[in-house]
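User: Please take a close look at one helix-to-helix contact in this model. Then show me what else can be said about how its parts meet.

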Amino acid sequence: MIHFLANPARFMRIGQAVLPWCWAVAGLCIGTGLWFALIVSPADYQQGESVRIMYIHVPSAWMALGVYTLIAVVSAMALVWKHPLAFLIGRAAAPLGAGFTVICLITGSLWGQTSWGTWWVWDARLTSVLVLFFLYLGYMALGAAFDDADRGNRAAALLALVGAVNVPIIKFSVDWWSTLHQPASVLRVGGPSIHPSMLTPLLLMAVGFIAYFLALLILRVRAEIAQRKVQAAMMVGATAPGMQTHET
């Protein structure tokens with residue numbers, strides 16, 4: 001399947017067919033999820049109405065981790081199998097993942113103020129998520145730091161693979177160290193411990209965020225492919241007059 005999608009023309013055709021469905025699922029799930037989260041779902045008996053921040057914060061955190069994992073996977077594919085689309089997917093996904101990480105940090109700060117009485121603490125979970133944000137920035141900066149695009153892509157891919165060690169640190173930080181965050185209540189052995197009235201909108205928002213990400217990713221990859229075609233055409237046009245002069 002990975003090799004099947006590695007062809008840019010094939011990816012463009014599949015993306016064109018999948019894109020409307022991604023927008024539809026994103027709109028339906030996010031709209032329904034917000035309605036459940038803000039109206040149907042009850043307030044928490046301890047946190048009150050502030051618990052509703054969870055329906056944005058938690059899916060954003062999942063997406064921040066998931067997108068970086070995707071970047072690490074496509075970086076390995078690019079370095080090992082030389083897939084032509086792998087670097088483009090990583091470049092297209094990085095700003096989106098950074099955006100989800102910013103949303104996670106901001107909503108987490110708001111939620112922390114209402115729950116803990118402080119905007120920020122340097123515990124393991126918060127610090128490792130902040131490191132993740134800097135990894136996104138570093139990946140994007142390295143990719144654009146070289147005049148040779150291939151060298152920049154390889155350097156960024158290596159950083160993505162090294163930085164992937166931070167993903168399990170974020171996931172298991174609450175189990176390994178003493179933090180203010182509670183242990184996992186959804187993705188845990190034995191099944192979710194959260195009540196269905198809260199789990200339903202949370203999962204709807206997560207599916208909506210995934211579909212929204214995929215829609216934006218397809219658009220950004222298409223733009224990257226179009227930009228490469230324009231650059232290639234400009235290079236051909238720049239060399240053509242010199243070739244003609246040499247022939248005459």
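Analyst: H3 passes H4 in a left-handed crossing. Left-handed means that the near helix is turned anticlockwise from the far one by less than a right angle; clockwise would be right-handed. This is a predicted model: local features need pLDDT of at least 70, side-chain atom pairs count only at pLDDT 80 or more, and totals for chains, interfaces and linings use all residues. Residues are numbered from 1 along each chain as its sequence is written, and side-chain values use heavy atoms, with hydrogens and water left out.

H3 covers residues 86–115 and H4 covers residues 124–143. Helices here are DSSP runs (H or I, at least four residues), numbered from the N terminus. The two axes come within 9 Å and cross at roughly 150°. Axes are lines fitted to C-alpha atoms over the stretch in contact, and angles run from 0 to 180 degrees between N-to-C directions. H3 and H4 are therefore roughly antiparallel to each other. The cut-offs are these: under 35 degrees is roughly parallel, over 145 roughly antiparallel, 65 to 115 roughly perpendicular, and the rest oblique.

Which residues make the contact of H3 with H4? On H3 they include Phe-87, Ala-94, Val-102 and Leu-105. On H4 they include Val-129, Phe-133, Tyr-136 and Met-140. Contact means heavy atoms within 4.5 Å. By class, there are 14 nonpolar, four polar and one charged residues. Ala, Val, Leu, Ile, Met, Phe, Trp, Tyr, Cys and Pro count as nonpolar; Asp, Glu, Lys and Arg as charged; the others, Gly among them, as polar.

Now another helix pair. The axes of H2 (residues 54–81) and H5 (residues 149–163) come within 8 Å and cross at roughly 130°. That makes H2 oblique to H5. This crossing is left-handed too. Its contact residues include Tyr-68 and Leu-79 of H2, with Arg-154 and Leu-161 of H5. They divide into 10 nonpolar, two polar and one charged.

Finally, the rings. The structure holds five aromatic pairs. Rings of Phe, Tyr and Trp (its six-membered ring) pair if their centres lie within 6.5 Å; planes under 30 degrees apart are stacked, over 60 edge-to-face, the rest tilted. Trp-23 and Tyr-212 have ring centres 6.1 Å apart and planes at 65°, so the pair is edge-to-face. Trp-23 sits in H1 and Tyr-212 in H7, 189 residues apart. Trp-23 is partly exposed, at 37% relative accessible area. Buried means under 20%, exposed over 50%, partly exposed in between (1.4 Å probe, protein chains only). Tyr-212 is partly exposed at 36%.

Key. Helices (H or I, at least four residues) and strands (E, at least two) are DSSP runs, numbered from the N terminus.
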